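Hi there,

Here is the structure I promised to pass on to you. Please have a look at it first, and then read my notes below with the picture open beside you.

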Amino acid sequence: MKHIPGTSAPPRRAAGVTLIELVITLAILGILATVSYASYSNYILKANRSVAKSALLDAATRQERFYASNRRYTTSMSELGYPTSPTCFGKDGSPLTSCSVAGNIYSVRTEDSCDGGPLPCFKVTATPFNMQNSDTCGTFRIFSTNVRDAATSGCW
């Protein structure tokens with residue numbers, strides 16, 4: 001558009017973004033980030049539960065193998081072939097050499113606990129550690145009778 005002399009120039013629209021538009025955009029991004037982070041955290045907690053279940057099943061299998069050789073169950077994870085007693089497990093499901101490692105998410109121990117049931121018996125318990133403490137399922141257990149449960153029903 002060409003300017004005609006003697007007339008006022010047409011008003012110019014400033015190029016760019018106003019402060020209000022920027023604040024609204026940041027508020028929307030903040031809300032989306034909060035919702036997605038909460039969803040992601042729940043997904044990670046749920047995925048880590050498989051570490052506890054796998055560790056319990058492995059320890060129960062080792063208990064049965066130990067019983068076949070020794071005619072008794074053990075209360076020591078070390079006798080089952082784990083590096084420590086209790087044994088701590090990382091996010092990848094492998095047993096750790098120490099429970100003080102930052103990647104520890106479950107501590108697994110075995111004990112003699114028949115609770116009035118037939119002798120001999122065992123119970124293996126996986127207790128959440130570090131970031132997994134906020135999981136609503138809490139502690140997982142498996143018994144020599146193959147009964148499996150968690151602190152919250154429906155988690156196993």
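Let's begin with a term: a disulfide is a pair of cysteine sulfur atoms within 2.5 Å. In general, such a link is a covalent bond between the sulfur atoms of two cysteines.

Before we go on, two notes on the ground rules. This is a predicted model, in which local features need pLDDT of at least 70 and side-chain atom pairs count only at pLDDT 80 or more, while totals for chains, interfaces and linings use all residues. Residues are numbered from 1 along each chain as its sequence is written, and side-chain values use heavy atoms, with hydrogens and water left out.

**Disulfides**

How many disulfides does the rule give? The count is two.

One of them joins Cys 88 to Cys 99, with an S to S distance of 1.9 Å. The link of Cys 88 and Cys 99 is right-handed, with 100° about the S-S bond. This pair links distant parts of the chain: Cys 88 sits in strand β1 (residues 87-90), and Cys 99 in the loop between β1 and β2 (104-111), 11 residues apart. As for the names, helices (H or I, at least four residues) and strands (E, at least two) are DSSP runs, numbered from the N terminus.

Are these two cysteines buried or exposed? You will need the cut-offs here: buried means under 20% relative accessible area, exposed means over 50%, and partly exposed lies in between (1.4 Å probe, protein chains only). Cys 88 has a relative accessible area of 0%, so it is buried. Cys 99 has 27%, so it counts as partly exposed.

Cys 137 and Cys 155 also form a disulfide, and their sulfur atoms are 1.9 Å apart. The torsion about the S-S bond of Cys 137 and Cys 155 is about -80°, so this disulfide is left-handed. Cys 137 lies in the loop between β3 (123-128) and β4 (140-143), and Cys 155 in the segment after β5 (148-150), so the pair ties together parts that are 18 residues apart in sequence. Cys 137 is buried, because its relative accessibility is 1%. Cys 155 is buried too, at 13%.

**Strands**

Now follow the strands from β1 onwards. Two strands pair if DSSP finds at least two bridges between them.

β1 and β2 pair in the antiparallel sense over four bridges. If you click on Phe 89, look for its bridge partner in β2, which is Tyr 106.

Next, β2 and β3 run antiparallel and are joined by six bridges. Thr 110 has Val 124 in β3 as its bridge partner, and Ser 107 stands opposite Thr 127 in β3.

β3 and β4 run antiparallel as well, with four bridges joining them. Here Ala 126 has Phe 140 in β4 as its bridge partner.

**Salt bridges**

One more term: a salt bridge is a side-chain nitrogen of Lys or Arg within 4 Å of a carboxyl oxygen of Asp or Glu. The idea behind it is that side chains of opposite charge can pair when their charged atoms come close. By this rule there are six salt bridges.

Arg 62 forms one of them with Asp 58, where the closest N and O atoms are 3.1 Å apart. Both Arg 62 and Asp 58 lie in helix α1 (residues 19-70), four residues apart, which is about one turn of the helix. Arg 62 is partly exposed because its relative accessible area is 22%, and Asp 58 is partly exposed at 31%.

Glu 79 forms another with Arg 72, and the closest N and O atoms are 3.3 Å apart. Glu 79 is partly exposed at 40% relative accessibility, and Arg 72 is partly exposed at 38%.

The side chains of Asp 149 and Arg 141 also meet in a salt bridge, at 2.5 Å from N to O. Asp 149 is partly exposed at 22%, and Arg 141 is partly exposed at 28%. Finally, salt bridges that share partners join Arg 109, Glu 111 and Lys 123 into one network.

Enjoy exploring!

Best wishes
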